[in-house]
Amino acid sequence: MIRALAAGLAALWAGQSAAVECRDLDHEGNRYSVCEVDAGSEELRLFLNDGEGQVLGQFSSVDAALDAEGKQLAFAMNAGMYHDDRSPVGHYVEDGAEQMRVIPNAGPGNFGLLPNGVFCIREGRADVIETLLYVETQPGCRDATQSGPMLVIDGELHPRFLPDSTSRYVRNGVGTSANGSRAVFAISRNSVTFHEFGSLFRDVLETPQALYFDGNVSRLYAPQIDRADAGFSMGPIVGVVEPRE
């Protein structure tokens, strides 16, 4: 009787869809962790500062701040480049409030390797949008973070990516489906080139638009696959929020 009840509960839990689906995968000799979010139904948000204006900086700090709402993190990842004081390098909007303007021009480093883009969260969808198109269309994002370079643009790799590049880092980023219903986050588990990382989003994750978040400092919170990376304080963080257990 007890065994039958336990089996029934296990089947029920297995039939329930999680807020985020995370998995590890291999592609062309590289290892990745991937988390997919249904942007149409899940609560996807950006986080930077607490209510006192102090940088949250850690996944644990975001989760603690959510406790006041009776919620918790189901998944999180660093979400865009930042200065030494953890302020965003590019455009940043959180809960409708713009904290940093759009940077449309080329510049030094990976961020300025145009085209770059904006990860935009709106009601019922999430999209990676190339920066100049974002400026032109003004999509009215509730949350937005700008980073660069774009990894995939309309189904094609960034034109500056070289198949024989020797620049390798642990990298993370996000890709989105054409209809905005899928947001797929990935982090490499070994050092990869931009070409290899972009190919993952184009060929395996099948996202026509994808954006690079950062490298070397890339971190992931994904309890499903036992990831809770710690380290130096971060700037913008993206996460899926669910009711606290």
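A salt bridge is a side-chain nitrogen of Lys or Arg within 4 Å of a carboxyl oxygen of Asp or Glu. Count by that rule here, and you get 12 salt bridges. One caution before we go on: this is a predicted model. Every value I give is computed.

Let's start with charges. Take Arg 45 and Glu 69. They form a salt bridge, with their closest N and O atoms 3.1 Å apart. Where do Arg 45 and Glu 69 lie? Arg 45 is in strand β3, residues 43-47. Glu 69 is in the loop between α2 and β4.

Now, buried or exposed? The cut-off for buried is under 20% relative accessible area. Arg 45 has 17% relative accessibility, so Arg 45 counts as buried. Glu 69 has 41%, so Glu 69 is partly exposed.

This pair also belongs to a network. Salt bridges link Glu 43, Arg 45, Glu 69 and Lys 71. Find those four on the structure above.

Next salt bridge: Arg 244 with Asp 63. The closest N and O atoms are 3.5 Å apart. Arg 244 is partly exposed, at 29%.

One more. The side chains of Asp 127 and Arg 122 meet in a salt bridge, 2.9 Å from N to O. Asp 127 has a relative accessible area of 6%, so Asp 127 is buried. Arg 122 has 23%, so Arg 122 is partly exposed.

On to disulfides. The count is 2. Which cysteines pair up? Number the bonded cysteines in sequence order, and the pairing reads 1-2, 3-4.

Cys 22 is in strand β1, residues 20-27, and Cys 35 is in strand β2, residues 30-38. They are 13 residues apart. Both Cys 22 and Cys 35 are buried.

The S-S torsion of Cys 120 and Cys 141 is -110°, and the link is left-handed. Cys 120 lies in strand β7, residues 117-122. Cys 141 lies in the loop between α3 and β9. The separation is 21 residues. Cys 120 is at 0% relative accessibility, so Cys 120 counts as buried. Cys 141 is at 10%, so Cys 141 counts as buried.

Last topic: aromatic rings. A search of the whole structure turns up 8 aromatic pairs. Why is the pair of Phe 59 and Tyr 221 called tilted? Look at the angle. Planes under 30 degrees apart count as stacked, over 60 as edge-to-face, and the rest as tilted. The planes of Phe 59 and Tyr 221 are at 40°, so this pair is tilted. Their ring centres are 6.2 Å apart. Phe 59 is in helix α2, residues 59-66, and Tyr 221 is in strand β15, residues 220-222. They are 162 residues apart, and they link distant parts of the chain. Both residues are buried.

Compare Phe 194 and Tyr 212. Their pair is edge-to-face, with 80° between the planes and 4.7 Å from centre to centre. Phe 194 is in helix α4, residues 194-204, and Tyr 212 is in strand β14, residues 209-215. The residues are 18 apart in sequence, so the pair ties those parts together. Phe 194 is at 12% relative accessibility, so Phe 194 counts as buried. Tyr 212 is at 2%, so Tyr 212 counts as buried.

The charged end of Arg 171 sits over the ring of Phe 194, 4.0 Å from the ring centre.

Finally, a cluster. Ring pairs link Phe 75, Phe 119, Phe 185 and Phe 213.

To recap: 12 salt bridges, 2 disulfides and 8 aromatic pairs, in a predicted model. Thank you.

Terms used:
Residues are numbered from 1 along each chain as its sequence is written. This is a predicted model: local features need pLDDT of at least 70, side-chain atom pairs count only at pLDDT 80 or more; totals for chains, interfaces and linings use all residues. Side-chain values use heavy atoms; hydrogens and water are left out. Rings of Phe, Tyr and Trp (its six-membered ring) pair if their centres lie within 6.5 Å; planes under 30 degrees apart count as stacked, over 60 as edge-to-face and the rest as tilted. Helices (H or I, at least four residues) and strands (E, at least two) are DSSP runs, numbered from the N terminus. Buried means under 20% relative accessible area, exposed over 50%, partly exposed in between (1.4 Å probe, protein chains only). A charge sits over a ring if NZ of Lys or CZ of Arg is within 6 Å of the ring centre and within 35 degrees of the ring normal. A disulfide is a pair of cysteine sulfur atoms within 2.5 Å.
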